[in-house]
Amino acid sequence: MSKFFAMDGYGVYLWPSFALGIGVIVLNVILALRSLAAAKLEARRRLEMRS
Amino acid sequence: MKASAVAVARLVVARDLRLAFRKPSQLLQPLLFFMIVATLFPLTLTPELSRLRDAAPGVLWIGALLSSLLALEFLFRDDAQDGTLEQFALSGQSLTWMLFAKTCTHWLLSGLPLALSAPVAALALGVPAEAMGSMVASLALGGFALSLLGAISAGLTLGARRGGVLLSLLTLPLSVPVLVFGADATQRAIAGAAIAPPMYMLGALAVLGVTLAPLAAAAAVRIGLE
Amino acid sequence: MNWTWFHRLGSPPHVYGFAERWAPWIGGVAALAIVVALYGGLVLAPEDYQQKDAFRMVYVHAPSAWLSLMAYSTMAVAAAVGLIWRMKVAHSAAAACAPIGAWFTVAALGTGMLWGKPMWGTYWVWDPRLTSELLLLFLYIGYMGLRAAIEDPQKADKASAVFAIVGVVNVPIIKFSVNWWNSLHQEATVMRMGKPTMNGDMLWPLLLMFVGFSLYFAAVVLIRLRAELLRRERSASWVREAVA
Amino acid sequence: MLTVSGLHLWRGDRHVLRGVSFTAGPGQCVLLTGKNGAGKTTLLRAIAGLLDPEEGQVSWRDAPARRSRDVFHAELAYLGHEPPLKGDLSARENLKYSIGIRRGVTREEIDGALTRTGATDFSDRSVRMLSAGQRRRVALAGVLLTGAVLWLLDEPTTNLDADGQRLVADLIDEQVSHGGIVVAAVHHAMTLDAGNVVNLELGST
């Protein structure tokens, strides 16, 4: 198991690299959902203002 | 009788030239800026001419690029404010053609004088006298391509807040090819090598710019006028 | 030829509904593909005889770099469609692509640097591919900066569309000039980050990763597209239903 | 014949034009009235093609103006809020360049137009030195010189004295009597001799 994490000694570079990739993947989903929630809120406010 | 394309171009160029000579400070500022940037490098790098010579292409081209950005601010801003661009757009003539004429005038008033005055800065950077001709040619041709490219971003930032910084942000990445070929040509000139290959590339960029940039600039200006 | 599909693409409520229905499914398949590809790449694939385990960084670097370019071209195509056919949906799609593309450009740069350290001995080398990636990031920043600086959303759509198209014409030229520049300074590159020759066990996780990233991109674009459509729609009754 | 049909236009969040329609034929003058913000300027700019309406169409001589833009613009003169003049040039120079890009124009024609609008006395001074009313007279000379069939005027009497306001009314009357079309935004009622005047109040729908 620890051999797997060591990755021939390249682990110090490899794991941050994968963390960065997966982090960006997760981050983009969160950002997109937040942007959608904000847009919905804004649209709702606009509708209320009109009525 | 509708004015011919040649007459239109002549009038656009004549108006810009006349306006420029009534306000010469706008012409001189970018040139002075270029000179000052070029002479600051020896103070930060090294006073040894042999080492400055290696850095000279980069210094000259970065200086030229920044100074052309400075001059770009004046390309459309006044004309947009006083309604001249609106007049152009509603004249029934090709806006693309008029903006091309304007951009050529802009180069005539900023890019060309900069190229012609570059030998003064180049001397201070240890560029040998034999290289001056080729260097001026490359700066003039590259400057033309930069003006064309800049016309697009100048048009795009017409409707934007904080136009100045944004103008640089849009123009700089697009100008990388011009910078690469231009600096290469200057480097070859200093080394005494043939400058034809990068000059062909600069020429190709200028041709591409002539065919596409005015179209994009016209589209951008129309959007900016909304 | 039946053009109804094209007209449907131009209708915000239709596209909104489509995005709402399909994003979870596409996203789910993408997640599955990425997880399987990760297992395949990190565990099943044998190590490279030259780069050893370091080569495994290709499974995150290459798809990120590819996604950064794909997002830019998708954005430019959407922008052109929006400009030519004056389609609100296309402008929304272009706006949705930009932040995703920019983030994956950052990921490609970061993973490239982490891969570069053991290979070149330093985090940053003026390698042509990394340099082009950096310039691509500047283009994304310019695009988003322009969009943010123009108050009127329709004007912002059109202006940024022109910039996206100018940018996409420029990308190959930038690429070419960077290669030219690199060939002048060959000695700067200590060791090229060449593609390792891949056998089947190494290859399938990479291909699956490409598929996963593409589907993931589609899913996130669909989510962002919904947000952009809502922002652009002012009075339509479907908005009432959508946010209820 | 100018036909405006069902124009809808938003500025940001504001629905400014809500389905504006009218037609104006030769010899007709349309006066646009309405409160500030009712969309007079927006409508004029949309007709000129400077703004892109979200819905609706502007037609000129039975063809969409957008499709044959250059032909339409060659027959159109637009005068906005601010006279489009360069401060560093004289009135005469301004007209030479701005009209010259449209059509070949002689010095005599320019002199004639400047005389007509009462701008001869200051035509060689740089525009920066002129008063707002004087600038407007120069700009009106420019409108005359275009020889356009369709005039779009945005509050043409702004900054003008009583004499100047009479001049604008006379110019519009003349244009209309020659078979031209005028669409003008005005904020107070304007007395025109021309018979064929339509008042269109914006912002009431």
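**Reading strands, domains and chains**

Mentor: Four bridges join β6(D) to strand β7 (residues 150-154) of chain D, and the two run parallel. Within that pairing, D:Leu79 stands opposite D:Leu153 in β7(D). Before you go on, this is a predicted model, in which local features need pLDDT of at least 70 and side-chain atom pairs count only at pLDDT 80 or more, while totals for chains, interfaces and linings use all residues. Residues are numbered from 1 along each chain as its sequence is written, and chains are lettered from A and ligands numbered from 1 in the order in which they are written.

Trainee: What counts as a strand, and when do two strands pair?

Mentor: Helices (H or I, at least four residues) and strands (E, at least two) are DSSP runs, numbered from the N terminus. Two strands pair if DSSP finds at least two bridges between them.

Trainee: What is the strand order in the open sheet of five strands in chain D?

Mentor: The order is β6-β7-β8-β3-β9 (chain D), with parallel pairing. At the edges sit β6 (76-79) and β9 (197-201) of chain D, each of which pairs on one side only. On average, neighbouring strands of this sheet are turned by 15° against each other, direction ignored. Axes here are lines fitted to C-alpha atoms, for helices over the stretch in contact, and angles run from 0 to 180 degrees between N-to-C directions.

Trainee: Which strands does helix α6 of chain D lie across?

Mentor: Helix α6 (residues 162-177) of chain D lies across β3 (28-33), β7 and β8 (181-185) of chain D, and runs at about 150° to β8(D). For contact, the rule is that the C-beta atoms of two residues, placed from the backbone, lie within 7 Å.

Trainee: How is chain D divided into domains?

Mentor: Domain bounds come from an automatic or database domain assignment. Chain D has domain 1 (1-75 + 149-205) and domain 2 (82-148). Their contact takes 12 residues from domain 1 of chain D and 10 residues from domain 2 of chain D. On the domain 1 side, β7 and α6 of chain D each supply at least two residues, and α6(D) gives the most, with four residues.

Trainee: How do I check a helix's length, say α5 of chain B?

Mentor: The expected span is 1.5 Å times one less than the number of residues. The 30 residues of α5 (residues 95-124) of chain B should therefore span 44 Å, and the end C-alpha atoms are 43 Å apart, which agrees. Just after α5(B), B:Gly126 takes a positive phi of about 80°.

Trainee: Which chains share the most contacts?

Mentor: Chains A and C do, of the four pairs of chains in contact. There, 26 residues of chain A are in contact with 31 residues of chain C. By contrast, no contact joins chain A and chain B, whose closest C-alpha atoms lie 23 Å apart.
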